[in-house]
Structures are given as structure tokens and as C-alpha cells.
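Please open the structure in a viewer and keep the selection panel at hand. The stops below are taken in order.

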Amino acid sequence: MSKELVFGHQNPDTDAIVAAKAFSYFENKVGADTEAVALGEPNEETQFVLDYFDEPALRVITKASDEVDSVMLVDHNEPQQSVSDIADVTVSHVVDHHRISGFDTAQPLFYRAEPLGCCSTVIYKLFQENDIEIPAKLAGLMLSAIISDTLLLKSPTTTETDVAVVKDLAKIADIDYETYGLAMLKAGTNLDSKTEKELIDADAKSFEMAGKTVRVAQINTVDLDDVFKRQAALEAAAKDENASDGYDLFLILATNILDSNSELLVVGNPTEPVEQAFGKTIANNRLSLPGVVSRKKQVVPQLTDAFNA
């Protein structure tokens, strides 16, 4: 049996890092030979989590085919979000909680996707179904991933399953998840230390929509003014990436994690589908989106429908 690499998406968030660790641990327990790796360095929130639980960061790769023949994907399936040479390796497993788009394989595979708030919630269910114990440290990491993806269970992506899993993992890890969770989320909102490029790259994903490449970045903050006082510089950084990476449209979703409101910065074209998606007119390249916190559930589906209209 050959070794396989397990990894989440590019520009990894906490769930992409933790899900890779958790699924690799699970697969090794059931007899596989895997190594969890990452497609980028941990962000500040994820580094807070790793430091809190005294857990090492994952090895970062840019290619997989020079090491292995097959890989396992977590927290993503769309090829443009994956490793650069994904077409040159066999995907044997996918565990995800997102839409399926642009994904196909030549061989049968294990595929587990559920409409839950976090990929780590899906992986928790695999542990339970196979009667495999989750160690306390891993429970803390998985708890952190769910808190991150669901904004402490406040996001509309949150399900009853996510809530129940968080409570169980908190018992295993022996942690007050509400106090810890707020500290963790705030750790990811230190914007002053980052350049505009770092801000728009830290949590960004590309989506193909009706022949257009749409880049959607999300910046979490405790004060939207901290983001938009840098609007001109953020627009310039987005324009640079549109030109260098071939994006047609770059959307920056700034989200206040305390009051669950967002504002969207729109850079590029076409802009008409953006206005149609949210039923609003763009002013000063911005749209106010009260109550919007989830890219996966409240932004991408609406944009996809508008582009395909």
C-alpha cells in the first residue's frame, strides 16, 4: 500500500488544516498510510489554535505528484481550489461540506459530503460510525474548526448536528467552548499587521460562474471601519490579482463577527450579477449585506444563480 497525502484547500483556514489532521489520523487508524499536509501557511486564527493545543503546523506542499500517486481531499473538491497538479494524481477519498463543482475522476472513490457547518463535523461522524476514540487534543482542534466555520455556531450554515458535536468535543477536550471560541475568533481579526495582499489572500476561493472566474475573499473583523479605511489599497491589490491571476471579478466580503453583518467590496466585472444576486445597487464599489456571514451559503449560491440567469 502506497502512502497518500491528505490536504484541504489553498489559502487554508482552520477547518482545512484541522480536517486534514483529523482525517489522516482516522485513515491511519483504519489501516491506511497517510500524511496530513497543507497548501499554505496557517493564518493567525489557526496559529492561535495550534499554539493553544501545542500542536505543530503541517508541512506545506505546492505539488503532490512528485511525492505520491494518490491523494485524499478534505474541505474542498473543486480543482481550482486544490493542489496545482491535482490533475496528475488520483483522488481516492473526498470528505467535504461544500457544493460539488468541476470534479470528476477516472476511478471509483470514497466520497462523503454532507450539508453541515464544517468538514470536521463530517469527520467526527466517521469516528463515531467506526467506533474510533477521538484523543483530547484532536477533539480540541476539531472543536476549533467547527467554531471557526460556524462563527461560534452563529452562522446560518450551523446545523443541530454541529451544535451537538461541539458540545461533545468540548467535553472530550475539557474546554469551555464559548469563552475559548470568542478568544479564538478575535485572534483572527488582527488586521493592522497584514498587508492588503495578505488580507485578500488569507481566506479566498475561486469559483467558475458562467464562464467567468470569480474570486471571493472573506475578512473577519470586529469593526468594519478597520477594513474600509483601507478601501483604496484593497481595491488596488484586488485589481493587481485580477490582472496577474486572470480573475474577472474580485469580491471582498468583510464580516463583523460580533454583530454578524457584512459589507461587500466589488472589484472588476461584470457587476450586474452581483447587484441581481443581492437585490441592491453598488455604490462606491460597495454593497451592505446585513445578516450575511457565510460565503458558502449566503454569497456563492446567490451569485451562481445570478450569473446563470
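Which strand supplies the largest share of the lining of the largest cavity? To answer this, some conventions are needed. This is a predicted model, in which local features need pLDDT of at least 70 and side-chain atom pairs count only at pLDDT 80 or more, while totals for chains, interfaces and linings use all residues. Residues are numbered from 1 along each chain as its sequence is written, and side-chain values use heavy atoms, with hydrogens and water left out.

**First stop: the cavity**

Select H9, Q10, N11, Q80, Q81, A204, K205, S206 and R215, which line the largest cavity. The largest share, three residues, comes from strand β7 (residues 204-209). Strands (E, at least two residues) and helices (H or I, at least four) are DSSP runs, numbered from the N terminus. A cavity is a set of points on a 1 Å grid over the protein atoms alone where a 1.4 Å probe fits but cannot get out, and lining residues have an atom within 4 Å of a point. By class, the lining has one nonpolar, six polar and two charged residues.

**Second stop: strand β4**

Next, select residues 70-74, which form β4. Five of the five residues of β4 are buried, so the strand is largely enclosed by the rest of the structure. Buried means under 20% relative accessible area with a 1.4 Å probe, protein chains only. S70, M72 and V74 lie on one side of β4, and V71 and L73 on the other.

Select residues 119-129. Eight of the eleven residues of α3 are buried, so this helix is largely enclosed by the rest of the structure. Among them are C119, V122, I123, L126 and F127. What covers the buried residues includes α1 (14-29), β5 (90-96) and α5 (160-173). After α3 comes D131, whose phi is positive, near 55°.

**Last stop: an annotated region**

Finally, select residues 181-307, which an unreviewed UniProt entry lists as "domain: DHHA2"; such annotations may be inferred rather than shown by experiment. Over this range the chain is 41% helix and 28% strand, and the end C-alpha atoms are 36 Å apart.

Conventions: Buried < 20%, exposed > 50% of the residue type's maximum accessible area, 1.4 Å probe, protein only. Contact = heavy atoms within 4.5 Å. 1 Å grid on protein atoms, 1.4 Å probe; cavity = no way out; pocket = protein on both sides within 12 Å on 5 of 7 lines; lining within 4 Å. Nonpolar A, V, L, I, M, F, W, Y, C, P; charged D, E, K, R; others polar.
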